[in-house]
Amino acid sequence: VNEPGVEGLLRDLAPQVLAALTRRFGSFVTAEDAVQEALLAAATQWPEQGVPENPRGWLITVGARRLTDQLRSDLARARRETAAAALLPPVELVSPAADEDLPSDEDDTLKLLFLCCHPALSPTSQVALTLRAVGGLTTAQIAQAFFVPEATMAQRISRAKQSIKATGARFDMPPEAERAERLGVVLHVLYLIFNEGYTTSTGPDLQRPELTAEAIRIARDLRRLLPEDGEVAGLLALMLLTDARRAARAAPDGSLVPLVEQDRGLWDADSIRDGVALISESLTRARLGPYQLQAAIAAVHDEAARPEDTDWREIVALYDLLARLAPNPMVTLNQAVAVAMVDGPRAGLDLLAGLEGDSRLTGNHRLDAVRAHLLEMAGEHAEARESYWSAARRTTSIPERRYLEARAARIGDNAPVDR
Amino acid sequence: MKGAHAGPTSWSASVKYVVLIYSNPATWAEMPAAERDRALGVHNTMIKELNESGELIRVDGLADPWATKTIRARGGVPVVTDGPFGEAKEFLAGVWAIDVDSLERALEVAAPVAEYDTVEVRELMDLSGMEM
């Protein structure tokens, strides 16, 4: 077991070392493999022999040596295979001395993120590659986090790197014209990593790397590099304000606890303070965007000492803005809940009526779950129970199904017997 | 209900499915050898593709239904009988577990296998969940 200090240090250094080697050798794909080997070597040696004086230089040296060996053997093979290859310059001429440390570039992490979140990759691959190249996680750790075999994850990462190579994308900032769109992809990838960690955190699993912490760490880096960007701040604030509730979101048996029933004493006050400060500052100056609005909504929830203190009018106003800025049936579902809290369940149900037949929600359990909740509020117990059962059948989440079944059963106990 | 999202499909990074392949042994037994080789080649090509893309979790083929044992509890006592349960002509012959971006992708990889067999695509449940 690694000392957490070493592990943390390696994660911080991983993107810097990868960037340095990519710049030196010109190939992200080969450099990435060499960095993994250097990180694995450090993870076994440092806890025993102590952290070297210049850990970054150590990793670059080991990685560079690995890369040089690789290039040498590739060249030797090429020489054997074709006589023309003998004309290639010897490795010594293309690679500087292995222990030479290159100055780091502030934007290295950013360039790596843009490369890992290249639009030619599927989201699944973007997530895996980002965790490895920027997060410094091993393939085994990433596989564990996504509940797939290590061989599957190794193949996915290798395919992702091949795809990047095929696009000819370089370790560079994307052109100004593409920057905003590319940043949108990066933010979405971080959001997916965070969600994966947050939604599966129903019990203590010490074997699993903390994806929420990893997403927050990378988002903090990004915020440092792009301090003026409102959506970067918004995403980081959203993560902090959501993660703050983690300890309260599930009971010890793994069952989900709804927001109104959570023990708010378990919420992380520091995270809430940081998140609120971040989003408040951003809202006053940056251009508004969906992550900022979602963070603002999370902030309103988190700032209520008791559920009944929640400023639902503010939340409705924020959802109205969000629905105008980024219309989407999931937003409407959440909006309906907020509207019901202000104007009563009928008003919320009216809003849901507009979603009937929306193909984007076909088979999605959340429409039924929200409808059930609002029907229960309206006192329509038979219909509410039916909607809870319908939602329970549609969800693929075991904790959500248990929760929805329990709600249905609870109505059964208290309500008049069904016709 | 927590959260608002870019879209229902972009909520999580990947989705796990099993592809259940139901086969009629008679169909395959009566097939000319060349055709059987070609049809099995379609299966193998798809498995290879899934493996190389990092979407395959595992793949299993099931032994002939002839070897099936069926267990039923009668009055609390488990009774084991030879052969499959019921009168079905199609039997579960293969199970693939995949981890893909979307249902569309799952259907795309399962479709070529349906040439002679009935194929079911079913999402796996998991322990993730949002508090509501």
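**Helices of chain A and the interface with chain B**

The model is a predicted one, and the two partners, Glu7(A) and Arg11(A), both lie within H1 (residues 4-25), four residues apart, or about one turn of the helix.

**Helices of chain A and the interface with chain B**

The model is a predicted one, and in it Glu7(A) and Arg11(A) both lie in helix H1 of chain A (residues 4-25), where they are four residues apart, about one turn of the helix. An α-helix has 3.6 residues a turn, so residues three or four places apart point the same way. Over all chains, a search of the whole structure finds 45 salt bridges.

Helix H2 of chain A comprises the 22 residues 28-49, which at 1.5 Å a residue should span 32 Å, and the distance of 30 Å between its end C-alpha atoms agrees with this expectation. After H2(A) comes Gly50(A), whose phi is positive, near 90 degrees.

Between the two chains, 51 residues of chain A are in contact with 33 residues of chain B. The area buried between chain A and chain B is about 3,700 Å², of which 56% is given by carbon and sulfur atoms. One salt bridge is counted between chain A and chain B, and in a salt bridge the side chain of Arg156(A) meets that of Asp99(B) at 2.8 Å, N to O. Across this interface, 15 residue pairs are found in polar contact, with both residues at pLDDT 80 or more. The elements giving two or more residues to the side of chain A that touches chain B are helices H6 (123-133), H8 (150-167), H9 (176-199), H14 (312-325), H15 (329-343), H17 (365-377) and H19 (398-414) of chain A. The largest share of that side, seven residues, comes from H9(A). By class, the side of chain A that touches chain B has 24 nonpolar, 18 polar and nine charged residues.

Terms used
Residues are numbered from 1 along each chain as its sequence is written. Chains are lettered from A and ligands numbered from 1 in the order in which they are written. This is a predicted model: local features need pLDDT of at least 70, side-chain atom pairs count only at pLDDT 80 or more; totals for chains, interfaces and linings use all residues. Side-chain values use heavy atoms; hydrogens and water are left out. Contact means heavy atoms within 4.5 Å. Buried area is the accessible area (1.4 Å probe) that two parts lose on being put together, summed over both. A salt bridge is a side-chain nitrogen of Lys or Arg within 4 Å of a carboxyl oxygen of Asp or Glu. A polar contact is a pair of N or O atoms within 3.5 Å; within protein, one must be able to donate a hydrogen and the other to accept it, and residues adjacent in sequence count only if both atoms are side-chain atoms. Ala, Val, Leu, Ile, Met, Phe, Trp, Tyr, Cys and Pro count as nonpolar, Asp, Glu, Lys and Arg as charged, and the others, Gly among them, as polar. The expected span of a helix is 1.5 Å times one less than its number of residues.
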